[in-house]
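Please keep the sequence and the structure in view while reading.

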Amino acid sequence: MNRADFRRRLKPWMLPIAMVLGLIFHSVIDRLQWMVTPLIFTMLLITFCRIDPRQFRLSRLTFYIVGIQLGLGAGLYLAIAPWSVELAQGAMICALCPTATAAPVITAMLGGSIATLVAISLLSNTSVALLVPPFFALIGAGGGEPFMAEFMSIAGRLMPMILGALLIALLMMRYAPRVHRGLAGRQALSFYLWATLLVIVVGQTVSFALREPPARIPEMVALALIAGAICVTQFVVGRRLGRRFGDPVAGAQGLMQKNTGLAIWLALAYLDPISSIAPAAYIAWQNTINSVQIYLHERRGDTISGRMRTNPAAKR
């Protein structure tokens with residue numbers, strides 16, 4: 001088996017391995033939480049370098065996906081908050097969280113449209129950067145400070161990370177085209193950065209959960225189940241919506257695959273910390289679905305290749 005075959009066979013297992021490593025080594029990995037912001041920023045930068053403004057197109061599918069993300073996030077919070085603010089925050093962040101920067105990579109592996117996913121990812125991340133600060137401030141997520149103080153605090157940390165990465169990518173395209181092309185050609189790196197981020201955020205959340213009193217275990221279980229229901233729902237809705245526009249893979253990945261590292265960071269920084277259990281559980285749900293999809297896609301490809309080798313007529 002050569003190196004390329006090894007990497008191809010390893011890819012479906014990378015995400016589950018990352019989750020297991022975070023679970024096992026949480027006590028050590030928890031100290032690496034300072035790396036979360038740089039990793040998210042780098043993943044955004046690499047993804048945004050793939051954007052060519054001359055070819056960038058916002059389709060109806062893009063607006064539908066982002067509209068569902070934003071509307072579902074706000075709707076879930078308003079619906080659940082009267083019963084439990086913590087559960088409402090966990091549900092909200094799972095839906096409101098922007099499309100993952102690694103989503104175009106996974107989409108390419110599954111045969112979907114990278115251009116569509118890049119458009120969804122850009123609009124989704126930009127919308128979250130602009131709308132989350134005022135929304136969080138309105139619901140008092142910043143700790144009870146006056147609206148403008150909370151808004152400026154959240155915007156001052158979130159907007160530079162997302163919009164700053166976009167601005168740097170555009171500046172590099174104009175003034176450092178060689179570097180820009182180099183990063184644009186390294187999209188697979190986002191997948192491995194995401195796996196690294198996954199190890200850290202899982203370890204961080206496990207450490208937090210273990211420090212909580214046993215009385216909060218039912219609440220944590222409820223958050224994990226809510227995350228699973230939201231993940232499966234978004235996958236099904238996204239796939240059906242994408243099928244209407246000729247790209248079920250892009251629809252499913254655009255709506256389901258979330259930047260959960262960013263979600264956990266937002267939950268720990270601005271929401272009740274226990275709400276971070278929901279995006280942490282969402283990691284397991286979405287990566288289980290993606291791992292199964294990658295495995296089935298690779299197996300289907302191996303089957304077709306085998307048939308073509310044994311039956312040369314199938315090539316014609």
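At what angle do helix α5 and helix α7 pack, and how far apart are their axes? In this predicted model, helix α5, which spans residues 85-96, packs against helix α7, which spans residues 114-138, at an angle of about 165°, and their axes are 13 Å apart. Because an angle over 145 degrees counts as roughly antiparallel, α5 is roughly antiparallel to α7. The crossing of α5 and α7 is right-handed.

The contact itself can be followed residue by residue: on the side of α5, Met92, Ile93 and Leu96 take part, and they meet Val128, Val132, Phe135 and Phe136 in α7. Sorted by class, the contact of α5 with α7 has seven nonpolar residues, with no polar and no charged ones.

Phe135 of this contact also belongs to an aromatic pair. The structure holds three aromatic pairs, and the table describes two pairs, including the one with phenylalanine 135.

| Pair | Distance of ring centres | Angle of planes | Kind |
|---|---|---|---|
| Tyrosine 77 and phenylalanine 135 | 6.2 Å | 80° | edge-to-face |
| Tryptophan 265 and tyrosine 270 | 6.3 Å | 85° | edge-to-face |

Definitions and conventions. Residues numbered from 1 in each chain as written. Predicted model: local features only at pLDDT ≥ 70, side-chain atom pairs only at ≥ 80, totals over all residues. Heavy atoms only, no water. Axes fitted to C-alpha atoms, helices over the stretch in contact; angles between N-to-C directions. Helix = DSSP H or I, 4+ residues; strand = E, 2+ residues; numbered from the N terminus. Parallel < 35°, antiparallel > 145°, perpendicular 65-115°, else oblique. Left-handed = near helix turned anticlockwise from the far one by under 90°. Contact = heavy atoms within 4.5 Å. Nonpolar A, V, L, I, M, F, W, Y, C, P; charged D, E, K, R; others polar. Phe/Tyr/Trp six-rings, centres within 6.5 Å; stacked < 30°, edge-to-face > 60°.
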